[in-house]
Amino acid sequence: MEPVAATVYPNYDSVGRAILEAFPIIDFLPVWLVALVIMVVVAACAIVFILVFEGVGSLVLRKLAGDIQSRVGPNRVGPYGCIQFLADGVKLILKEDLKPAACDRVLFRLAPYLAFVGSCAGLVVIPFAVGMIAADLDIGIYYVMAVSSLVSIGILLGGWASNNKWSLVGAMRGAAQIVSFEIPVAMSIIPVILVAGSLSTQEIVRSQGGLFGIFNWNLFHNPFLFFSFFVYLTAAQAETCQTPFDLPECESELVQGFMTEYSGIRFGYFFLGEFGELFVVCALATAGYLGGWHIPFLDAGNLGWFWGNLLSLGVFLTKTFTLVLVSMWLRWTLPRTRVDQLMRMCWKYLVPLTFFNLLGVSLWLLIFDGKGIPAMIAALFG
Amino acid sequence: MKTLSAQEIFEKLKGKFGDGVVSLQTESVNPPFAVVPPGSIQEVCRFLKEDPDLLFDYLVCISGVDHKDKFAVAYHVYSTEHRHRIGVKAMLPHDNPVIPTVDVVWKAAIYLERETYDLMGIVFEGSCDPNRILLPDDWEGHPLRKDYIYPEQYHGIKI
Amino acid sequence: MSQGPAKRKPIKSNIFDVVPAPAEIPQNVLQKNFERVRACKGGEGIIEVGIADLFINWCRKNSLWYLYYATACCGIELMQGGASKYDFDRFGAVFRATPRQADMLMTAGTITHKMAERVQRIYAQMPEPKYVIAIGACTITGGPFYKDSYSVVKGVDLILPKVDVYVPGCPPRPEAWIEGIRNLQNLIMKTKNYGLKKA
Amino acid sequence: MGLREYISDISEAVVTIAKGMRITWKYGVDPKEETTIFYPEERMVMPERTRGFLFNDVARCIVCNMCVKQCPIDCITLESIKGADKKNVLTSYKIDMGRCMHCGLCVEICPPKSLVHTDGYEGSSHTREELIVEFVEDDLATIKARIAAHAAELAKAAKAAEAAGKAPAAPANPAGGEKK
Amino acid sequence: MTEPISKEALRTDEWTINMGPHHPSTHGVLRLELTTDGEIVSKARPSLGYLHRGLEKIGERVAWAQFMPFTDRLDYLAGMNCNCAYAWAVEKLAGIEIPERAEWIRVLVCELNRISSHLVAWGSFCADMGAFTPLLYGIREREWVNDLFEMVCGQRLTYNYARIGGVSHDLPPGFLEKTKEFCDYFEPLIDEYNRLITYNKILVHRLKNIGVISARDAIEWGLSGPNLRGSGFAYDIRRAEPYSVYPKLDFNVVVGHADRGTLGDCFDRYLVRIDEMRESVKIVRQVIDRIPDGPVMAKVPRVFKPPAGECYFRAESPRGETGFYLISDGGTNAYRLKIRTGSYMAMNIFEKISKGVMISDIVALIGSFDIILPETDR
């Protein structure tokens, strides 16, 4: 049976061009002004999304903690405690702007912004829905890897500038951890790129389309990819300093790690950065392995402009939030590793595994010339 | 594993040290005490520890007692091998209580002597860590002495 | 994630049964004493607080992050208060490890003279809108160690400039802590932040 | 280290982490596992032996000073004046709740059992003075007036007993506190 | 080819960090002066005394019976054990015989308190290792024991329950059934805790082969209780010098057996505490079945003047040996009251075994000794 006609995807590779086509009257404005306005609009909604996600995330984190520990999380600040994060946020903003006397003024103020920018800049290439992507760069994955290393600079600056021994130890741990876990994260994304054949995230998600629903996900493409999904999740958990590996700001050893001297909204920025990076990493996992915004048995492309985007956005966010919940569930169960065990795990276990995966995937693609298990089964049944 | 009674232990001590061991306090003193002159405390303790029949390898507690006219340092020792217990007491003059240390015999004595020095004011010469442990370093006086008067204030805070 | 108290089954690990309670605190010995003292001291007068104040105070009240500071027996009651049975997290009170991120210092446990200077430093490190609750007899008046101890500070207000709420008990029950926190929350609602004439 | 040990390391890690997560899943999913008491809306019924704040029933107190001597930290201070029938009458009975450590020694020693533990425990205040609980309500003047009236009454009863001299003089019954 | 940089050229100088009196994982107000080279600690010197309240001086100024509430403040996680230890010590000094039922009640409350103390020890040890949930599970079970004690003596933490000559109140009706209910509820939970966290690979690697103390060293440095038994030396005062009704009870002494690392490391001390909870539940069950009826308080004069003399009594508290050395000169107050505790000796050995470990292991060491500061500073 010849394959179904390739679905025609509207050429919305970026929201900006979509708006341009929708409102032709903007033609007389200079192009750079329109581009600037669109960039500001898109950036604003990305920041608002991250703020809301951080608020809801911190509330869900405390409610989940309460639930696991057989108690009740915050439940008095509004029905079921839903506006607890509003109270926290406003209180943090109104705290005294306190800088330790002997701290390095400029770097102390700069560090939180670097950490926040580093983690939220990855939102540019996250494929939220069929047409909803800030900018469909064709070097998407490469861009995310580059930008997310800004966070380690932010952590290093924060630790060094606050002139506190605990934070310096925390910063050194943080920098070592993030830099060394970039390699397993990057290496476990490369099999996805090999399979999809392109670095652009939108392209990767489109390559997982097709009518077999869940089985078209890269996760089930071949056993090596299945295995590298879990390696990616562990390495990503370490790169975003989540609990089994939250050594930079561990509470029981280093008081609060590199955030020891930060108070008020500066600490808020670090907190935002942590949740932003958690979201970016889980979004990449969904886009890369779990079929991004593909609605299991429907075809997002030809559902029309409004419904297509809405449904695929919903599917994408549910997948990402389940991964975020799994990460929080890990956070409240596991103890913390030690620094040298962390490094040993990275270099002696994760990096060899990713190389083995890479070899496996490339051999698989060579032998079965690019078709995954579901594609072969489909070919069998004709 | 042969548990000796306090009397037999005292006989062995008397046999080894002759008149060095002054007396054995037993009336209404539950683990009986062998009173020893302060000078020979180290030899007695080393003998207690090394002698195959005694093998007192566990120093339970060192406590200083202020008897108003003299100080007493009471060592409780126990043998985990033979499961018997004895107390060793040394009497010190009240004006400058000095006694050689026993942390060369049992390492447990380091902190116990530091605390006794800190609270009671008994100097353990030759100790490997002869400074205060519980009270702040610039605290004058030793509180557990009977003639201790509470200071008015410390660093400006009323006591 | 069940919400209200009424809709839950009786808790297996509670020996004493739990009954719904009226909103205000039942009249016990100390409450009657408070009325008597406040009656002869005259009321506090009316403090009119603007809308902006109300919103800011509401935010500060509902996210009182307390410092993870505990010296003695009240420290264990602090852990038990923060744990499953009497949950401080319900009131938005989370423990923070550094004084920089803490709003509230609950002085739980005896403060000795050697520790006094450290408590002053911790208090100084906390950013400005900060509150102090003196928990337990040891920090209110030196408690059990008032008469005969030479090394205990007889009350935390000898070393800290301002103590907002005193919670008696040795150690006070976690419910008394929660009542102390709610008392502080009412105090916060009545503070005036804007329109203060600079003295 | 050999390949077998390498694999067993990874598998052991995955298995033990999965076991731990299964338990937190059990507690996380099951809403019935909550043990929180919603304190302000709910309250635990206290057992009868709870040692909460102290309360002294001033009427039954025989001013024997036993509680003052028994308290290790002298929280209780009381003053009394000579009553009409040579018994002391309380003029002020103060317990410093900010210092009391709820040890219960005074309650055990009190002969008339007038000093008891109530089950109250909420008492947060804003100043230290509020925590010193005064149990004698009325002030000195009214107490003196009552004693004077009591003395006058005793004198009258003694005269009446004398007037009925022939009848055996009924001893003046012990006044006891008839303050209420 | 440039010759490699010599080690001296790369010499980094050490700095001292104050793991100060206020630190999230020092179990109270312990201060450690760490001289470290980056993460590797070359010397960790404990500096104690931040909670020294002068209990021994108070003991001399307060009557014998009035010192009982202060023994609660000595080790507030195991108030009952210290209460009963002090009561036994004074009874040994004065030669008082206490009724049979009082002995059984004391053993019952001591073992219940050992369970609740080990629960907090286990919980806060896991919280120091980063897993926050076990701390709340441990305290959730401890709340049940708190309620039991509130039924018996009215307070949750500072019980003041034992008296010289017996116990202050008899067991309330329904107490034994509720304790049995607690035992049946709690026994399977210990295995669940083991599945949750004990054999977790991360925790095992964090604890194994760290702070290894040989049995010889443990005795030499005066350790006692779970810290000594963790090194494989079966010495429990309830068996070595039986007091009260412990000879009539059958329980075995839990000893560390090099389960994962070498003998005497942090993991062994951790496991000893977990198994001791099982033993205590076994003891509590036996006491519930065999507790006799009868009075709970012996005839003791109110103004209690023991005959002049000295006595040293040792009891097994959850943190090791709690010893009271009492000297009485016939007066109403003690002439000298010396308290020997297990946590103080754990701090004694701390400096020796913390050479060359990392900062994270210092936290593991403090947790494995389960010290408690009022016991260390008194």
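I take helices (H or I, at least four residues) and strands (E, at least two) as DSSP runs, numbered from the N terminus. With that rule I read chain B from the N terminus on and noted the elements as α-β-β-α-β-β-β-β-α-β-β-β. I noted three helices and nine strands for chain B.

**Ground rules**

The model is predicted, and I kept to its limits: local features need pLDDT of at least 70, side-chain atom pairs count only at pLDDT 80 or more, and totals for chains, interfaces and linings use all residues. I number residues from 1 along each chain as its sequence is written, with chains lettered from A and ligands numbered from 1 in the order in which they are written.

**Chain B**

I looked up the extent of chain B: its C-alpha atoms fill a box of roughly 60 × 30 × 25 Å, taken along the principal axes. I call a residue buried if 20 or more other C-beta atoms lie within 10 Å of its own, exposed if 12 or fewer, and partly exposed in between, with C-beta atoms placed from the backbone. On this count, 42% of the 159 residues in chain B are buried. I call two residues in contact if their C-beta atoms, placed from the backbone, lie within 7 Å. Among contacts in chain B between residues at least 6 apart in sequence, I find that 50% join residues at least 24 apart.

Next I traced the sheet. Two strands pair if DSSP finds at least two bridges between them. Five strands of chain B form an open sheet in the order 1-2-5-4-3, and the pairing is mixed. I find strand 1 (23-25) and strand 3 (58-66) of chain B at the edges, each pairing on one side only. For angles I use axes that are lines fitted to C-alpha atoms, for helices over the stretch in contact, and the angles run from 0 to 180 degrees between N-to-C directions. Neighbouring strands of this sheet are turned by 25° against each other on average, direction ignored.

I then followed one pairing. Strand 3 and strand 4 (residues 70-78) of chain B run antiparallel and are joined by eight bridges. Helix 3 (residues 109-120) of chain B lies across strand 3 and strand 4 of chain B, and runs at about 10° to strand 3 of chain B.

I counted six helices and six strands in chain C. Along the sequence I read the pattern β-α-α-β-α-β-β-α-β-α-β-α for chain C. Of its 199 residues, 56% are buried. Of the contacts in chain C with a separation of 6 or more, 77% join residues 24 or more positions apart.

I checked which chains meet. Eight pairs of chains are in contact, and chains C and D share the most contacts. This contact takes 47 residues from chain C and 40 residues from chain D. On the chain C side, I find that helix 6 gives the largest share, seven residues. I count Ala, Val, Leu, Ile, Met, Phe, Trp, Tyr, Cys and Pro as nonpolar, Asp, Glu, Lys and Arg as charged, and the others, Gly among them, as polar. The side of chain C that touches chain D then has 26 nonpolar, eleven polar and ten charged residues.

Strands also pair across this contact. Strand 1 of chain C and strand 1 (residues 42-44) of chain D run antiparallel, with three bridges between them. I find D:Arg43 as the bridge partner of C:Val19.

Chain A and chain B have no contact, and their closest C-alpha atoms lie 25 Å apart. Chain B and chain D do not touch either, with nearest C-alpha atoms 15 Å apart.

**One residue in chain A**

I looked up A:Phe275, which lies in helix 11 (residues 265-289) of chain A. A:Phe275 counts as buried because it has 22 C-beta neighbours inside 10 Å. Not counting residues up to four places away in sequence, I find A:Phe275 touching A:Phe53, A:Glu54 and A:Gly57.
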